[in-house]
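Please open the structure in your viewer and keep the selection tool at hand.

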Amino acid sequence: MGDVADKLAYFQAITGLEDADLCTDILAAHNWDLELAISSFTTSVNPTTDTPQPNPNNHLPSAPDLQPLPQPPPGLAWKLITLPVSVISGSLGLISGAIGLGLWAAGGVLSYSLGLVGFGSTPSSSSSAPLVSVSAATSEAMDFVAAFEREYGSSGPNFVGEGFMDALQRSRNSFKLLFVYLHSPDHPDTPSFCHRTLCSETIAAFVNENFVCWGGSIRASEGFKMSNSLKASRFPFCALVMAATNQRIALLQQVEGPKSSEELLGTLQRVLEESSPVLVAARLDAEERRNNMLLREEQDAAYRAALEADQARERQRREEEERLAREAAEAERKRKEEEEARERAAQEAAEKQAALAKIRQEKAESLGEEPEKGPDVTQVMVRFPNGERKGRRFHNTATIQSLYDYVDSLGSLEADSYILVSNFPIVKYEQDKLALSLKEAGLHPQASLFVELTSLE
């Protein structure tokens, strides 16, 4: 990011500071090194502790008339985790200008949830510039999902094929917690944990129904960075998180080491139950704001509709005319195509019949005149598949091919492939016997054959 304005806007978005002069001074003091300035600011202004203790007497800063905040849900451990800038920018991608990093406070979630546990603060409003998906984080996530399903099947949790920050945004939009699984392929407990616990029907169904699920391999860049951010010390490692202000997330629960499906399910159920008031309140707040927005939009739409009614009717009339014209043209095209197809089919059928008739005539002429009865004349009877019988006399020197020519000349068969077979003994007169004379084939002085239909190879 070589442009000063871009660095200033990005620094404001990350830190939540609106004072441009102050941000300029901070960046200048760090020689306009963006990551160094952000790291220095977040370390000095927003220090994180491993076990923050909520102050039950805290009040939200902008609401002096509120009652003292309640204690955090019992048993639920809240931590604020600062994400590295590379995870944030690598997952979402900055085009230019200010960028919002999933402030759940704007949606009513984190301002409510952090207030419950004593982390209440007033986040600065930030504008959002267009975001584009950067392929690196998404590619890593998709590779992990594919590798996991190859190794353990597709019956496990539905891991999303997107970067961590995109998954976090998805959980925020759906008002769910984010279930994080960090995969250590080389750990000896990983295969049994994945097979017996993570991919168990009970765990998979519960996770898919109640959480957005993201997984990453610690061999990959983003998975490794998240393991450092979450301070994963034992594997297998699972965590439940939600979005927090700026580049931070709230860690609600982490599960380290091999666990049975019953142990993991109990932990997930407990965290979900304890965090449900936060999520429900956020959802209700969002629905109320959405309903208010819809009401305003409906009022605006009604006003615009009155002004645009004439234009809409005219547009609809033109569209209807164009549609009818297109349908008429399409119907005419189809009619012509069908007519041409029928003509082609009739012509092809006629040509085929003419060709068959010509072949039959040629074969009938090749047989010559039927000989009179005599000692050198063979009487041949042919039975067709439909029961019809045809007979003819041949010189005993005529070949088996002559019998096939005779059958073809009759035009009694619709099949293109057949063989002649004698009954007693059963002999099939196929390609290798076509050159034999009737006498050589043992069909003299008389023979009874039947037609056996075959399929074309």
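Select the cysteine sulfur atoms: the structure holds 0 disulfides, a disulfide being a pair of cysteine sulfur atoms within 2.5 Å. Next, select C194, which is in no disulfide; the nearest cysteine sulfur, that of C199, lies 6.1 Å away. C194 is buried, at 0% relative accessibility. Then move to C23, which is also buried, with a relative accessible area of 0%. Buried means under 20% relative accessible area, exposed over 50%, and partly exposed in between, with a 1.4 Å probe and protein chains only.

This is a predicted model, in which local features need pLDDT of at least 70 and side-chain atom pairs count only at pLDDT 80 or more, while totals for chains, interfaces and linings use all residues. Residues are numbered from 1 along each chain as its sequence is written, and side-chain values use heavy atoms, with hydrogens and water left out.

Now display the entire protein chain. Of its 457 residues, 40% count as buried. Its secondary structure comes to 12 helices and 10 strands; helices (H or I, at least four residues) and strands (E, at least two) are DSSP runs, numbered from the N terminus.

Finally, select residues 377-383, strand β6, and residues 389-395, strand β7. How do these two strands run, and how many bridges join them? Strands β6 and β7 run antiparallel and are joined by 7 bridges; two strands pair if DSSP finds at least two bridges between them. Within this pair, M381 stands opposite G391 in β7. β6 and β7 form a hairpin with 5 residues between them. Select G387 in the turn, which has a positive phi of about 95 degrees.
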